Amino acid sequence: MSKIKISMSQINTTVGSLDSNTKKIIEKITKAKKEKSNVICFPELSITGYPPEDLVLSELFIKNNIQALNSIKKHTKNIIAIVGFIDKDINGIYNSAAILNNGKIIEIYRKTKLPNYGVFDEKRYFHSGSKVVVIQNNDIKIGISICEDIWDDYEICKLQSNYGCNLLININGSPYDINKKQSRIKHLSSVSKNCNAHLVYLNLVGGQDELIFDGSSLVFNNSGNVIYSLPSFEEQDGIIDLDLNHNEPNKPLSNNLQKYNLSVKDIDFQYIKTKERNKKLALTKINVIEDVYKALILGTRDYLLKNKFNKCLVSLSGGIDSAVVTAIAAKAIGSKNIVTVNLPSRYSSDHSITDSEKLCKNLGINLINLPIEDSHRSMEDSLNFIFKNTKKNVAEENLQARIRGNIIMTISNKFSLLVLSTGNKSEIATGYATLYGDMAGGFSVLKDVPKTMVYKLANYINKVSDNYTIPLNIINKPPSAELKPDQIDQDKLPKYEILDKIIELYVEKKQNIQEIMTNKILRKKISNDEILDIIQMIDRNEYKRRQSAPGVKITPLAFGKDRRYPIASELKYTYTKFIHYDK
């Protein structure tokens, strides 16, 4: 067996901040050298941050990122560093990993598989690489790859295994969703086992706009078992000593390398045994709600800090959504950095005020009470001439929400506070929210969180807190916009467990109406006409979603980058069946 010591640097980068990212990388390399590590690896595009999006189109940005790489390589005496950066030649731009050692660039691996689905748009920016890279020292052969290269048929990894690689290192910028962690473990276990190689899977951590990178970096042995892991949603370093088995090269190698060049570079290092380290860490059972909670905290914190906001503002209604948002914000940046405002109208219940007061008392936040009655009457008087002789409808109801939106955005403007809007995925899907009213804000914490999950989050927050942070009355009372007397959400919407199932099937699983109408769970609980009404609500409210604040993505398919539905479309509702045209 051959021994090697690997440092895994699961860092939180900031997109575009070349200086701070480079400084962090150099600090981690210095630390790894003190630990006598042979290799240290960093996440995908660690110099630029991920995803850099249209920053890639700037020649100066690419030039500066290469200069940053040249600064980093000076710190690689007696250690091998694998660093993500953007490379460029006369043929194009590449998502790349530099292998650095003793002040030199030993080799550069360019990502071959470019994802272009969901939130990924890499073919807009990058060209595919055409080289299989292996670095070797005696009986240790290490194959380098980047993120998507290890998915689907993992062709690059198979070729590296065919050459005899007994260690695969894959650096990532893999965004979180509620299904991702389990699918990673299952797939990566198969890769390591089939390639007969240990696998180091190093992932980015942190929030970047709507995306959350959960870290959750893993090491597998050549039997497909997890032998080491780093925590989720935390920036952390890890070191693991590996005993690598010999992996016999396969003869069909040349036949499989027709479209790739094979680059093999010799490296030199001496394994030095240091203090005994954990070699086996049992993975804890995945708790979806705990992970979502941590993802929302991380996403909110990073959005605030990376956009240079120190404080945030939440409009409290006494409802469950604003309560959960406030509790998450308190964990993200501390109660002292949150301003909460209660804006009761003539239709607000007494408990909307008292429940908000209890919540703020539990969190140690001062609540500002600003009734909107005077503003409401003034606006009604101003509109009376235009609205005269018309029947009241949602316009009068939504006026209250828009008054509130104006007030909170003005407070935000005055004191440089980031407004956290409080709408959930169920409301945003169906348009059960007021444009320029309760949708106003800079960041939408629950944008991708269905209403049924909001309740689970509220109960989880209470479970992990010393006392009931969220008053039970907020959880137990029927949800209501309180824009007219005795109003509840179910006046216009079905029960949320039914609505959320339809949204899941239609939006996230992309099922057509026939499939949804025949779903066993829904068939006895809602009529086909009601299902059709909900589908139509989802489709026709795309214009609202285009104008909504960015928010944390936690489901496999979120509104925004994941789902780009046309606003103006003749095909609405018709693609649910085949259309036969007369010749």
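Helices (H or I, at least four residues) and strands (E, at least two) are taken here as DSSP runs, numbered from the N terminus. The model is predicted, so local features need pLDDT of at least 70 and side-chain atom pairs count only at pLDDT 80 or more, whereas totals for chains, interfaces and linings use all residues. Residues are numbered from 1 along each chain as its sequence is written, and side-chain values use heavy atoms, with hydrogens and water left out.

A327 belongs to helix α7, and S421 to strand β19. The table gives their relative accessible areas, where buried means under 20%, exposed over 50% and partly exposed in between (1.4 Å probe, protein chains only).

| Residue | Relative accessible area | Class |
|---|---|---|
| A327 | 3% | buried |
| S421 | 5% | buried |

Contact means heavy atoms within 4.5 Å. When neighbours within four places in sequence are left aside, A327 is in contact with L363, I461 and T469, while S421 has contacts that include V325, D438, F443 and A549. Between A327 and K456 there are 129 residues in sequence and 14 Å in space, C-alpha to C-alpha.

A nonpolar core is a set of buried Ala, Val, Leu, Ile, Met, Phe, Trp, Tyr and Cys residues joined through side-chain atoms within 4.5 Å. The largest such core has 49 residues, of which L296, V324, L420, L446, I470 and I554 touch the most other members. Among the elements that each supply at least two residues of this core are α6 (288-306), β16 (312-316), α7 (320-333) and β19 (418-421), and the largest share, 10 residues, comes from α7. With neighbours within four places in sequence left aside, I554 is in contact with residues including Y176, V292, L296 and M453. A second, separate core of 35 residues includes I6, M8, C147 and Y228.

Turning to helix packing, the axes of α1 (residues 18-34) and α2 (residues 59-73) come within 10 Å and cross at roughly 20°; axes are lines fitted to C-alpha atoms, for helices over the stretch in contact, and angles run from 0 to 180 degrees between N-to-C directions. Angles under 35 degrees count as roughly parallel, over 145 as roughly antiparallel, 65 to 115 as roughly perpendicular and the rest as oblique, and α1 and α2 are therefore roughly parallel to each other. In this contact, L18, T22, I25, I26 and I29 of α1 meet F61, N64, N65, A68, S71 and I72 of α2.
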